[in-house]
Amino acid sequence: MNPDRVLTLALVLGAVFVTAGSSQAGSSMAASACAANNLSGKFLVVPNSQGAGNVLYTAQLKNRSSEACFVSGIPGLRLVGKTGKLLPTHVSPAHAGALTAIKVTLRPGGYAAATARFSPDVPGTGEGHKGPCEATAYKLRITPTGGGTLLVPVSPPTPVCEHGGMTLTVLIAGKRGPKTL
C-alpha cells in the first residue's frame with residue numbers, strides 16, 4: 001500500500017477514535033483520569049449471547065462524580081467469589097496488537113463499557129470435568145485508569161473456565177461495549 005495512503009488512513013482513524021472518545025466530553029478536554037471512588041459499575045450478561053461454549057458480558061463504568069473524568073484502554077479485572085476470595089483471572093485483549101488506548105471522557109453520569117468473552121462451562125487444561133470448571137464469580141474487581149479498585153456485581157454470577165480466561169475489548173463510550181470480539 002502507498003505510504004501516503006497509510007498515513008492518511010491512520011490520520012482518519014485517529015480522528016474517528018478521538019471524536020468517538022470525546023463525544024461525551026462536551027467542552028471538557030482537560031479532565032483527569034477516573035479513579036475508582038468516582039465510579040460505579042456492573043458486569044452484566046449480554047442477552048442471547050450464549051452459544052458454542054462462550055458467553056459475552058459487558059463491564060459498565062459510570063461516572064458518579066460531579067466532574068468529568070476519563071477512562072482508557074483495558075481496565076484491570078479480577079474475579080471474586082461469593083466469600084470474597086480472589087479467583088483465577090487471566091484477561092487478554094480481544095484484538096491483540098490493535099489499538100488498546102482510546103481515551104473516553106465521561107461527563108457526570110456518563111458511561112463507558114467493554115465487552116468480555118469467556119466460557120462458563122467448557123473446562124480448560126487441568127480443570128475438573130465434573131461440576132463447574134472454576135468457582136462461581138459473584139463480583140468483579142475493576143482497576144480503572146485513575147487507580148484504586150471498584151468491586152461490582154456479576155449478574156448473573158458465573159464460573160469463568162480456562163482458569164478465569166477471558167478476552168476483553170477496550171472501553172468505549174456508552175452502556176454497551178463493542179458487539180463483536
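A charge is taken to sit over a ring if NZ of Lys or CZ of Arg is within 6 Å of the ring centre and within 35 degrees of the ring normal. The model is predicted, with local features needing pLDDT of at least 70 and side-chain atom pairs counting only at pLDDT 80 or more, whereas totals for chains, interfaces and linings use all residues. Residues are numbered from 1 along each chain as its sequence is written, and side-chain values use heavy atoms, with hydrogens and water left out.

**View 1. Lys-103 over the ring of Phe-70.** Lys-103 lies over the face of Phe-70, at 4.6 Å from the ring centre. Phe-70 belongs to β4 and stands opposite Ala-33.

**View 2. The open sheet β1-β4-β7.** Helices (H or I, at least four residues) and strands (E, at least two) are DSSP runs, numbered from the N terminus, and two strands pair if DSSP finds at least two bridges between them. This open sheet of 3 strands has the order β1-β4-β7 and mixed pairing. Its edge strands, each pairing on one side only, are β1 (32–33) and β7 (103–106). Strand β4 (residues 69–72) pairs with β1 in the parallel sense over 2 bridges.

**View 3. The aromatic pair of Tyr-57 and Phe-118.** Rings of Phe, Tyr and Trp (its six-membered ring) pair if their centres lie within 6.5 Å, and planes under 30 degrees apart count as stacked, over 60 as edge-to-face and the rest as tilted. The whole structure holds 2 aromatic pairs. One of them, formed by Tyr-57 and Phe-118, is tilted, with 5.2 Å centre to centre and 40° between the planes. This pair links distant parts of the chain, since Tyr-57 is in strand β3 (residues 55–63) and Phe-118 in strand β8 (residues 111–118), 61 residues apart. Both Tyr-57 and Phe-118 are buried, where buried means under 20% relative accessible area, exposed over 50% and partly exposed in between (1.4 Å probe, protein chains only).

**View 4. Phe-43 and its surroundings.** Ring pairs link Phe-43, Tyr-57 and Phe-118 into a cluster.
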